[in-house]
Amino acid sequence: MRSLFIFLFTVFATGALAQCPKNPEISEELDRAYRTLKFAKFPRDAQAATNVLWSLWTRAPDTHAQRMLNRGMTNLQLGDLTAAEGFLNTLIEYCPDYAEGYNQRAFARYLAGNFEAALPDLVRTLSIQPRHLGALSGKGLTHLALGQPELAEIEFRRELALNPFTADRDLIPNLGTDL
């Protein structure tokens with residue numbers, strides 16, 4: 001009886017029986033932010049639009065998912081990559097269609113030097129959110145870390161097409177001579 005109680009408590013406390021709701025509808029807000037970014041004349045305007053994008057990408061489907069994302073991101077900031085990946089694994093299991101779970105787990109894996117494991121998470125992020133600037137940048141940096149500069153350049157150019165003020169522009173060879 002005691003083990004049944006512990007099992008039920010664990011299931012309800014972790015939300016294991018719950019299903020992740022659909023992702024929040026953010027397409028209009030994303031489009032607006034990308035338009036602002038595309039036509040930004042100054043770096044501060046581009047940064048403001050990028051901040052809006054990050055606030056949208058990190059808006060989880062519900063409070064349970066938001067808590068897991070926040071805990072994962074907090075552990076990333078603290079440098080506890082194992083704990084971060086644990087929270088993000090749980091988030092992905094709960095919300096397999098939520099892009100930011102994969103993006104943040106890719107970041108944790110990248111920071112841990114596990115580039116081969118980061119790449120599929122970035123691909124999944126971009127399959128859900130094709131214009132995700134963080135995932136495009138992360139994918140480019142991951143390709144660089146894997147010794148694949150040609151593939152990195154493709155991702156950095158995709159990012160540059162969306163954000164003319166990206167810092168990753170400095171990682172694109174011959175950019176000043178081929179535009």
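Predicted model: local features only at pLDDT ≥ 70, side-chain atom pairs only at ≥ 80, totals over all residues.
View 1. Helices here are DSSP runs of H or I with at least four residues, numbered from the N terminus. Among the buried residues are Leu 133, Gly 134, Ala 135, Lys 139 and His 143. Their cover includes helix 2, helix 3, helix 6 (99-111), helix 7 and helix 9 (149-162).

**View 2. The length of helix 8 and what follows.** The end C-alpha atoms of helix 8 lie 18 Å apart, which agrees with the 18 Å that its 13 residues should span at 1.5 Å a residue; the expected span is 1.5 Å times one less than the number of residues. After helix 8 comes Gly 147, with a positive phi near 75 degrees.

**View 3. The largest nonpolar core.** A nonpolar core is a set of buried Ala, Val, Leu, Ile, Met, Phe, Trp, Tyr and Cys residues joined through side-chain atoms within 4.5 Å. This one has 19 residues, and those touching the most other members include Leu 30, Tyr 34, Trp 57 and Leu 133.

**View 4. Around Tyr 34.** Beyond its neighbours within four places in sequence, Tyr 34 is in contact with Leu 53, Trp 57, Arg 131, His 132, Leu 133 and Leu 162 (contact: heavy atoms within 4.5 Å).

**Notes.** Local features need pLDDT of at least 70 and side-chain atom pairs count only at pLDDT 80 or more, while totals for chains, interfaces and linings use all residues. Residues are numbered from 1 along each chain as its sequence is written, and side-chain values use heavy atoms, leaving out hydrogens and water.

Note on methods
Buried < 20%, exposed > 50% of the residue type's maximum accessible area, 1.4 Å probe, protein only. Helix = DSSP H or I, 4+ residues; strand = E, 2+ residues; numbered from the N terminus.
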